[in-house]
Amino acid sequence: MKADQLEKLIQRLSQAFQNSAKATGTNTKNVLLPPASEREISAYEDKNGVKLPASYRQFLLLHNGWKKFENDYTLTGASGPHSEQALRDFKKLDKAFLQKWKAAGRSTDPKFIETYQAASGEGETLEEARLYLPALVKFGTNFANGYFAFNPGRRGKDGEPEVISGYFLTKILRRHKNFVAFLERTLEGYTARGY
């Protein structure tokens, strides 16, 4: 998707969130932050040992994160206090997941994890889908155990990873083909509700 098309989608979604907040009386204001630079994005990837998909990099070049996405979530940027807070929340989720993982007698050896995830597929939980939470590249949180993450082990023909909407350590709420499909489906949901 071209940058101008992505920006139009983002603005439509932001307006839908605003309409929803007004209609429900929460009056929450979603905030799209100013653009990140290529250098900031690369520094974020290096610091956190991740590779962001092209679509999310494009989003960051337009907006360095999104506060109150769906009036609840924060989408991380390449820098800033909102991103630091989100990263702390991701670490907390990973720590809780690892405690349960180890309590089940599982190893954190990379070979074990690779073998475990090699059989990944569909499922309503991370366990059923054979996904290891710390291996998912998390990019959104509601700071109450809800998160959005890229699944690097499942990619489309365009190389873009699947997006998972998850809750706490187990439940997969939705799976999306990629980041753009995630945004489009979110907009569809708000449009269907009249926002």
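**Figure 1. Helices α1 and α3 are roughly perpendicular to each other.** In this predicted model, helix α1 (residues 3–24) packs against helix α3 (residues 54–62) at an angle of about 75°. Their axes lie 10 Å apart. Axes are lines fitted to C-alpha atoms, for helices over the stretch in contact, and angles run from 0 to 180 degrees between N-to-C directions. Angles of 65 to 115 degrees count as roughly perpendicular, under 35 as roughly parallel, over 145 as roughly antiparallel, and the rest as oblique. From α1, Ala3, Leu6, Glu7 and Ile10 meet Ser55, Gln58, Phe59 and Leu62 of α3. By class, this contact of α1 with α3 has 5 nonpolar, 2 polar and 1 charged residues. Contact means heavy atoms within 4.5 Å. Nonpolar covers Ala, Val, Leu, Ile, Met, Phe, Trp, Tyr, Cys and Pro; charged covers Asp, Glu, Lys and Arg; the others, Gly among them, are polar. Helices (H or I, at least four residues) and strands (E, at least two) are DSSP runs, numbered from the N terminus.

**Figure 2. An open sheet has 7 strands with antiparallel pairing.** The strand order is β1-β2-β3-β4-β5-β6-β7. β1 (31–32) and β7 are the edge strands, each pairing on one side only. Two strands pair if DSSP finds at least two bridges between them. Helix α1 packs on the sheet and touches β1 and β2 (66–69). The direction of α1 makes about 45° with that of β2. Helix α3 lies across β1, β2, β3, β4 and β5, and runs at about 95° to β3.

**Figure 3. Bridges link β1, β2, β3 and β4.** β1 and β2 run antiparallel, joined by 2 bridges. Here Val31 has Lys67 of β2 as its bridge partner. Between β2 and β3 there are 3 bridges, again in the antiparallel sense. Lys67 stands opposite Thr74 in β3. The hairpin of β2 and β3 has 3 residues between the strands, and Glu70 takes a positive phi near 55° there. Strand β3 (residues 73–75) is joined to β4 by 2 bridges, and these strands run antiparallel. Leu75 faces Gly140 of β4 across the pair.

**Figure 4. The largest pocket holds about 290 Å³ of space.** Its lining has 15 residues, with Asn48, Val50, Leu136, Val137 and Lys138 nearest the centre. α2 (38–48), α4 (81–103) and β4 (137–141) each supply at least two lining residues. The largest share, 4 residues, comes from α4. By class, the lining divides into 10 nonpolar, 2 polar and 3 charged residues. Pockets are found on a 1 Å grid over the protein atoms alone: a pocket is an open set of points where a 1.4 Å probe fits, with protein on both sides within 12 Å along at least five of seven lines. Lining residues have an atom within 4 Å of a point. Grid points are joined across faces, edges and corners, and a volume is the space filled by probe spheres set on the points.

**Figure 5. The second largest pocket holds about 220 Å³ of space.** It is lined by 15 residues, and Glu70, Ser165, Arg174, His176 and Thr186 lie nearest its centre. Two or more lining residues come from each of β5 (146–155), β6 (161–167), β7 (171–176) and α7 (179–192). α7 gives the most, with 5 residues. The lining has 6 nonpolar, 5 polar and 4 charged residues.

**Notes.** Residues are numbered from 1 along each chain as its sequence is written, and side-chain values use heavy atoms, with hydrogens and water left out. Local features need pLDDT of at least 70, side-chain atom pairs count only at pLDDT 80 or more, and totals for chains, interfaces and linings use all residues.
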